[in-house]
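Have the structure open beside you as you read.

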Amino acid sequence: MIPQFTLTSFAAAIDCLRAANRVAEQQVCSWHILSEDAAPVASSSGIEIAVDQAISNEDKWDVLVVCSGFQPEAAETKKTLNYVRRLSRFGSIVGGIETGAYVLAAAQVLNDQECTVHWELFDGFVQRYPEARAVTRLFVINEMNFTCGGHLAVVDLMIALLSRWLRDNEVSRLSSLFMHDIRRSTAEEFSKVQSQELSTVNSGKVLKAIEIMRDNIETVVDRREIAAYVGVSLRQLERLFNRHLGLSPASYYKRLRLNKAKQLLHYSSLSITEIAIICGFTSMSHFSKSYREFFGISPKFSRKVGPVIGGQRQELRSGL
């Protein structure tokens with residue numbers, strides 16, 4: 001358990017293990033909750049979870065799950081990274097939930113391995129750990145490791161993972177217990193589910209324009225070019241965006257770039273100047289002014305205080 005872990009992700013993982021025993025009508029899973037020092041661990045919601053023991057070099061687990069939230073750097077201590085690395089080296093399956101991929105990558109167990117992380121931290125993860133092959137999926141299961149974006153996708157992950165040890169009919173019953181009739185696969189991308197604000201947009205032209213914007217963050221595409229590409233005039237594009245999103249195309253595009261800048265400030269080691277360039281700002285003064293106007297603080301201070309202030313946030317015999 002990593003300080004500030006996301007409670008929903010943790011609870012979903014544990015409850016799937018409990019339910020697996022129920023459908024199998026025998027104990028196929030047992031679990032132990034661990035922390036670095038055996039002290040209770042506080043979630044991002046402030047609720048503390050008591051643990052069974054501290055991590056130890058004597059531990060031997062079939063599966064180790066790192067459960068973290070939006071402060072994964074709290075786990076990047078020498079003791080924790082050595083623990084993850086040692087268990088992986090000696091045959092344990094190691095997994096990361098939500099931002100657990102950060103810890104696994106820092107421990108160098110994801111080198112040249114497909115993996116995923118919560119979508120809000122994805123860009124920062126890619127920049128920080130290029131040796132890991134990050135993909136935009138809800139979860140990824142490899143032979144000896146797995147990663148998951150967290151929250152509801154944890155149920156998808158755990159059902160898929162537990163299918164290694166359960167019979168087919170038991171897997172079906174497990175899905176039914178969670179009223180999970182349509183299981184999502186490892187191939188499903190989180191880009192399809194990450195943006196609730198777009199779920200009510202029924203304009204293909206607006207969605208296509210947004211796709212162009214997302215694919216062109218560093219080199220900003222002129223609004224007229226975007227309008228021409230989707231087959232409307234600039235005036236029509238402005239009307240469509242205002243009708244469906246309440247924003248002009250320019251404002252929406254700028255918001256995408258600033259939100260990416262925020263992610264990179266919090267979850268990458270890139271310099272502020274590099275982040276400004278990557279997010280399509282041609283000068284530091286323009287970037288700083290735009291960031292301050294949107295988030296209420298400067299990029300420098302935003303990096304200093306981390307993701308809690310100045311933004312939207314404020315999340316088998318196995319060791320968990």
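Predicted model: local features only at pLDDT ≥ 70, side-chain atom pairs only at ≥ 80, totals over all residues.

## Where two helices meet

Let's start with a helix pair. From helix 10, the residues Lys254, Arg255, Leu258, Asn259, Ala261, Lys262 and Leu265 meet His286, Phe287, Ser290, Tyr291, Phe294 and Phe295 of helix 12.

How are two packed helices described? By the angle between their axes and the distance between those axes. Here the axes of helix 10 and helix 12 come within 11 Å and cross at roughly 95 degrees. Helix 10 is therefore roughly perpendicular to helix 12, because angles of 65 to 115 degrees count that way.

## The largest nonpolar core

The largest nonpolar core has 33 residues, and those with the most contacts inside it are Ile226, Leu237, Phe241, Ile275 and Phe287. At least two residues of this core come from each of helix 7 (204-215), helix 8 (223-230), helix 9 (234-245), helix 10 (249-267), helix 11 (272-278) and helix 12 (284-295). Helix 10 gives the most, with 7 residues.

Setting aside its neighbours within four places in sequence, leucine 237 is in contact with Ala209, Arg223, Ile226, Ala227, Val230, Val232 and Pro249. Apart from this core lies another, of 30 residues, among them Leu87, Ala106, Val117 and Leu121.

How many disulfides does the structure hold? The count is 0. Take cysteine 148: the closest cysteine sulfur belongs to cysteine 67 and lies 9.8 Å from the sulfur of cysteine 148, so the two are too far apart for a bond. A disulfide would need the pair of sulfur atoms within 2.5 Å.

Is cysteine 148 buried or exposed? Cysteine 148 counts as buried because its relative accessibility is 0%. Cysteine 115 is also at 0% relative accessibility and so counts as buried. The cut-off for buried is under 20% relative accessible area.

## A serine in a loop

Where is serine 271 found? Serine 271 sits in the loop between helix 10 and helix 11. With a relative accessible area of 32%, serine 271 is partly exposed, because that label covers values between the buried limit of 20% and the exposed limit of 50%.

Serine 271 can also be placed relative to lysine 300. Along the chain, serine 271 and lysine 300 are 29 residues apart, and their C-alpha atoms are separated by 9.9 Å.

Conventions:
Residues numbered from 1 in each chain as written. Heavy atoms only, no water. Core = buried A, V, L, I, M, F, W, Y, C linked by side-chain atoms within 4.5 Å. Buried < 20%, exposed > 50% of the residue type's maximum accessible area, 1.4 Å probe, protein only. Helix = DSSP H or I, 4+ residues; strand = E, 2+ residues; numbered from the N terminus. Contact = heavy atoms within 4.5 Å. Axes fitted to C-alpha atoms, helices over the stretch in contact; angles between N-to-C directions. Parallel < 35°, antiparallel > 145°, perpendicular 65-115°, else oblique.
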